[in-house]
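I opened the model today to look at how one chain is packed. These are my entries, in the order I made them.

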Amino acid sequence: MLDALHAVLVAPFRDMAGSPAFLVEVLIGGLFAGLMYSLVALGFVLIFKASGVFNFAQGVMVLFAALTLVGLLERGAPVLLALGLTTAVMVALAFAIERLVLRPLVNQEHIILFMATIGLNFFLEGFGEMLWGANVKKLDIGIPDRSFIVRGVQINELELTAAVTAAVLVAVLALFFQRTRIGRALRAVADDHEAALSLGIPLKTIWVVVWSVAGVVAIVAGLMWGAKSGVQFSLSLIALKALPVLILGGFESVPGAIVGGLIIGIGEKLGEVYWGPLVGGAIENWFAYVLALAFLLVRPQGLFGERIIERV
Amino acid sequence: MIYREAGQFKSSYAGDQAIFPVVQDRVFVTAAVAAAVVVPPLLASEYWLQAVLIPFLVYALAALGLNLLTGYAGQLSLGTGGFMAVGAYSAFKLATAFPRLNIIVVFLLAGVAAAAVGILFGLPSLRIKGFYLAVATLAAQFFLIWLFNKVAWFTNYASSGTITAPDRTLFGALITGPNSTPSARYLTALGLVAVFALAAKNLVRGRIGRSWMAIRDRDIAAEIIGVRPLRTKLLAFAISSYYCGVAGAGLVFLYLGSAETLAFDIGISFLVLFMVIIGGLGSILGSFLGAAFIVLVPIVLSNTPHAIGLRMPVALQKQFELMVFGGLIILFLIVEPHGLARLWQITKEKLRLWPFPH
């Protein structure tokens, strides 16, 4: 009993203190992984903020974007053209989703819309594979996957690029939300659909814009994940990785998605490296969820979620 | 004309409180159950029993369980697969550790184990709601599957990691295991589902069901009028997990014969949720209709191209099926967001007047 307590409560921390360089490496690895999660979670947050839809298909949108990009590149399109075309495809997808799925389901309960996005998930999965084939593809966008060493700590160039991209993306999105006319309209819609409508904000346009932006975020996420581990079906499963990030940070908060992603990324890596061996490893599937759950018990709306005010 | 309750007066409290107060309903349900007992074992081929009817019954039981939790008590759960796994693995452990124990008792005890786990993972529901809760229940899903994969004790240290239903008899007939006939397994599943459906029907129209619905509709108001949220929510989780646990045991013992954790992955949680939503939230009948829909659609989809003489590569057909399945789900949600049970209700309204318009 005492041994077990020692193994859980003391030994991991002793290991951490024993080799700080390794600890820093683990932390940095966690940070990068967390940023990747944030990129996916961001797509969820954008759509939830503006339409109250919990878009389960975000993961498949990432896959779809990556598949389209790779498919175009394979057919010899230059990188910039391929990126432009993929963006066009994602915008077209946003239009189609708004027209065919969201508009007929206006004013339905949240759970119905949620189920519709799961249906969308199936559809896009089949559609993407039908168009571009199901085999694993390599995505090469010219960023080398090599590492350099700073003060005894290994840093991966690809991960660094991903981190910078994510930071830039978040900054741009924050500016877009806070400073532009359409960003203000988005926030108004997020606050109250009906009030926004009565002010003359066109709900349809807003939805298309939000889904398009989520599509663009999906492209970036697909790019980074695809460059790291190849474009394949399992890419759509990262949606499941992004969910704990989401509840940890709060469904409505862009900064929440980022901070939540970092916490989950670091917590997951630390747990896996220092506590994982105690229970036989492979804990990364559920550890993030339990971590998020523990946070939720203290703050039920997530770290940055809007405070829940309940009335009868 | 056909479905007219005019002239059927209730002259006693018992008559007023009957489960099916309308004669036509009573006749219809009795006939349906009788037909389900008699017809399939006589007429249905082994393929129909094994690929359609038994999975339908097993999934209907799981859908019933989730409908109690999500449809009646309003707690969204994505942990169904995990709770079913608890039922399946505890049934396996019980059946192998106590070979003389009656198999039905094994099923019921497996449900108890699932209920205990359900209460544990239901605890967060007291603090968190809605989608936050849904994601939190995913913790149950992933953790439980990992546990059953990791701890070899649950599979009796089988090197393959699979659990296999042993041969067990009921009233002298073999009903589980590789040597049992599909008819026997079908009848066992039917009996279980019938009893559990009746119990669910009675639960939801009694005090417990009403307190669930009060919590679902407005939990603060419910608390003010004296419904205890702690007890009510945990009871919903317990009973729902009980149903799911028995369904999980049925999945392995009556349907698949042997299974590994893959049979209970996140996909099955979504599938059962689809059944509940497409069938109709908060409807016992809906659970059955939804289960029938979700079981039948993939079978129809995979057989259609062959039937109309279309030949396509296997991979293409697989992708095509996924697309059509997803599209159909969206279509159904758009056409009737309240599910198949609501369609049935509308049909009954129409039949009341048919063929006269007024």
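I started with burial in chain B. Of its 358 residues, 46% are buried. I kept in mind that this is a predicted model.

Next I looked up the overall build of chain B. I found 14 helices and 4 strands. The radius of gyration is 21 Å, close to the 21 Å from the globule rule for 358 residues, so chain B is as compact as a globular protein of that length. I read the extent of the C-alpha trace along the principal axes as about 70 × 60 × 45 Å. I also checked the contacts in chain B with a separation of 6 or more: 75% of them join residues 24 or more positions apart.

Then I turned to helix H10 of chain B, residues 229–256. Its 28 residues reach 38 Å from first C-alpha to last, close to the expected 40 Å. Where is H10(B) kinked? I found the kink centred on Gly250(B), at about 35 degrees. Just after the helix, Gly257(B) has a positive phi of about 90 degrees. I counted 23 of the 28 residues of H10(B) as buried, so the helix is largely enclosed by the rest of the structure.

Last, the largest nonpolar core. It holds 213 residues. Among those touching the most other members are Val62(A), Val210(A), Tyr59(B) and Ala62(B). Helix H9 of chain A, residues 203–229, gives the largest share, 17 residues.

I followed up Ala62(B). Which residues does Ala62(B) contact beyond its neighbours within four places in sequence? I noted Thr80(B), Met84(B), Tyr243(B), Cys244(B), Ala247(B) and Val272(B).

Technical notes: Residues numbered from 1 in each chain as written. Chains lettered and ligands numbered in written order. Predicted model: local features only at pLDDT ≥ 70, side-chain atom pairs only at ≥ 80, totals over all residues. Core = buried A, V, L, I, M, F, W, Y, C linked by C-beta atoms within 7 Å. Buried ≥ 20, exposed ≤ 12 C-beta atoms within 10 Å, placed from the backbone. Helix = DSSP H or I, 4+ residues; strand = E, 2+ residues; numbered from the N terminus. Contact = placed C-beta atoms within 7 Å. Expected span 1.5 Å × (residues − 1). Bend = angle between axes of the 7 residues up to and from the residue. Rg over C-alpha atoms; globule rule 2.2 N^0.38 Å.
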